[in-house]
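Please examine the sequence and the structure shown below. The paragraphs that follow lead through a selection of contacts and surroundings.

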Amino acid sequence: MIFVQLNKDDFAYDIHSLVKAFYPSENVSVCAGEKEPGESVKLFFTVAYAPQEIRIVMYEGGDRKLQERMFAVEMEKRPDTKNRLKRNLYQMLSAYTGQSLPWGTLTGVRPTKIPLTMLEDGRTEEEIRMFMSDTYLTSAEKIALSTDIAKRELRLLHQLDYETGYSLYIGIPFCPSACLYCSFTSYPLSAWESRVDEYLGALEREIDFTAEAFRDKHLNAIYIGGGTPTTLSPEQLRRLISKIKNSFCFSHLLEFTVEAGRPDSITREKLETLREAGITRISINPQTMKQETLDLIGRRHTAEQTAQSFYMARELGFDNINMDLIMGLPQETIDDVKQTLEAVKALTPDNITVHSLAIKRAARLNIFREDYAGLSMVNTQAHLDLAAQACAEMGLYPYYLYRQKNMAGNFENVGYAAEGKAGIYNVLIMEEKQTIAALGAGSISKRVYPDGTIKRCENVKEVALYIEKIDEMIERKRRLFEEM
């Protein structure tokens, strides 16, 4: 355990995130007051705030003093104070562990926001490099990556009218089975099959409200995600997509994505249904092409099914297909990753999203960690470099990036795309430049105001509760989107 004691409750979240980045497998506790750290503590920090300075002391085993730092701050200047605090804490942890983090003190999920904002303000790439290096101690490689992606995002975002445009997310929270690492809002279809139509009925009421609330706005992108939307039957898919098409104006629509996701949920009839409905982009997500890993993580399909689903989609005319891969899966070596990349290269997808495994609290891999304690999960820069090289060889370029808590190797997720095939919704959800109306269980709507302020409202996660409280979900949206 790592214990951090504060003399007042300030910057606790930032401290926890940074310490956790160095010690992802340790229990980290950050609290204000005089609480004792206990006997099992590995490292113990005290952080004392004063109006003009901060003092950090680091102990090993709870009592052996290792380092002490005192530095001047102006507490009323909170962003600057936070950055100074994180830099000093980072340097103490880095000196103790001998470890540096590729993103430095950056612990947020959207690091490309920094270079994107600076580019919009007319700043040069050298100014971006110096700012990110000095302020956040970010590595040269990650600064270059985030700046390159920000430039691509900027070109993509110039297609959009933020004032009159919006995007739509629709969540289908059902899956064929739960993956070992997953913490998304999803439920096994076998347990909910009898209530899927009821769920769609509630969703249709949300669609009706949203279409009316946004009748004077321009719909730019639609994303049906999950879960696994293709757990729906062909009839249910037709019902949902027909409802969407009959409710919204598509005159300004640039992209309509459906996550086909799990190959074990895909059939020719479902793909034909999507194709006939005019879906422009789909995802067929293997995560890995190693069969032993698929079996271990609970993906009830074969690597061959992935390829078959892909070829079927191509045969039916889909020309913008994404594939998700995960680095750091249990028991996978870098040679396994090479073999997966070679198998995917043979398919020539239009997009590849390379994820670094992130184990959330709600994932089975975390809840039942004792059962999986012996599993090896390794992710390194070499893994990500290998994936980047393979994508480059396929003519795919990085176009969006985000990070998550508890991510293997403290790295990132990167989306790669062929020219003209970048996922517009993916950029919008990361950069928070446009209002997104999110429908369905567990979804989160975002209203982006002209001054950049963002307000959110959440739908309940549990399917039965969502159905029961659909009027309340609509009322939440009414309050968020009134006077749009």
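A residue is called buried when its relative accessible area is under 20%, exposed when that area is over 50%, and partly exposed in between. The model discussed here is predicted. Glutamate 269 has a relative accessible area of 39%, so this residue is partly exposed. Arginine 238, at 34% relative accessibility, is partly exposed as well.

Side chains of opposite charge can pair when their charged atoms come close. Arginine 238 and glutamate 269 form such a salt bridge, with 3.8 Å between the closest N and O atoms. Because arginine 238 belongs to helix 8 (residues 234-247) and glutamate 269 to helix 9 (residues 268-276), the pair ties together parts that are 31 residues apart in sequence. Across the whole structure, the search finds 38 salt bridges.

Another salt bridge joins lysine 290 and aspartate 336, at 3.0 Å from N to O. Lysine 290 lies in the loop between strand 11 (281-284) and helix 10 (291-297), while aspartate 336 lies in helix 12 (residues 334-347), and the pair links distant parts of the chain, 46 residues apart. Is aspartate 336 buried or exposed? At 11% relative accessibility, aspartate 336 counts as buried, whereas lysine 290, with a relative accessible area of 22%, is partly exposed.

Aspartate 319 forms a salt bridge with lysine 421, the closest N and O atoms lying 3.7 Å apart. Here the two residues, both in loops, are 102 residues apart. Salt bridges also link Arg110, Lys113, Glu432, Lys446 and Arg456 in a network.

Aromatic rings provide another kind of contact. A pair of aromatic rings is described by the distance of the centres and the angle of the planes. The count comes to 16 aromatic pairs. In one of them, the ring centres of phenylalanine 214 and phenylalanine 481 are 4.9 Å apart and the planes stand at 70°, so the pair is edge-to-face. Since phenylalanine 214 lies in the loop between helix 7 (196-213) and strand 9 (218-226), and phenylalanine 481 in helix 17 (residues 470-481), the pair ties together parts that are 267 residues apart in sequence. Both of these phenylalanines are buried. Elsewhere, Phe3, Phe44 and Tyr59 form one aromatic cluster, and arginine 275 lies over the face of phenylalanine 318, 5.6 Å from the ring centre.

The second largest pocket has a volume of about 370 Å³. Its lining consists of 17 residues, and Tyr162, Glu163, Val448, Tyr449 and Pro450 lie nearest the centre. The lining comprises six nonpolar, three polar and eight charged residues.

Definitions and conventions: Residues are numbered from 1 along each chain as its sequence is written. This is a predicted model: local features need pLDDT of at least 70, side-chain atom pairs count only at pLDDT 80 or more; totals for chains, interfaces and linings use all residues. Side-chain values use heavy atoms; hydrogens and water are left out. Rings of Phe, Tyr and Trp (its six-membered ring) pair if their centres lie within 6.5 Å; planes under 30 degrees apart count as stacked, over 60 as edge-to-face and the rest as tilted. Helices (H or I, at least four residues) and strands (E, at least two) are DSSP runs, numbered from the N terminus. Buried means under 20% relative accessible area, exposed over 50%, partly exposed in between (1.4 Å probe, protein chains only). A charge sits over a ring if NZ of Lys or CZ of Arg is within 6 Å of the ring centre and within 35 degrees of the ring normal. On a 1 Å grid over the protein atoms alone, a cavity is a set of points where a 1.4 Å probe fits but cannot get out, and a pocket is an open set with protein on both sides within 12 Å along at least five of seven lines; lining residues have an atom within 4 Å of a point. Grid points are joined across faces, edges and corners, and a volume is the space filled by probe spheres set on the points. Ala, Val, Leu, Ile, Met, Phe, Trp, Tyr, Cys and Pro count as nonpolar, Asp, Glu, Lys and Arg as charged, and the others, Gly among them, as polar. A salt bridge is a side-chain nitrogen of Lys or Arg within 4 Å of a carboxyl oxygen of Asp or Glu.
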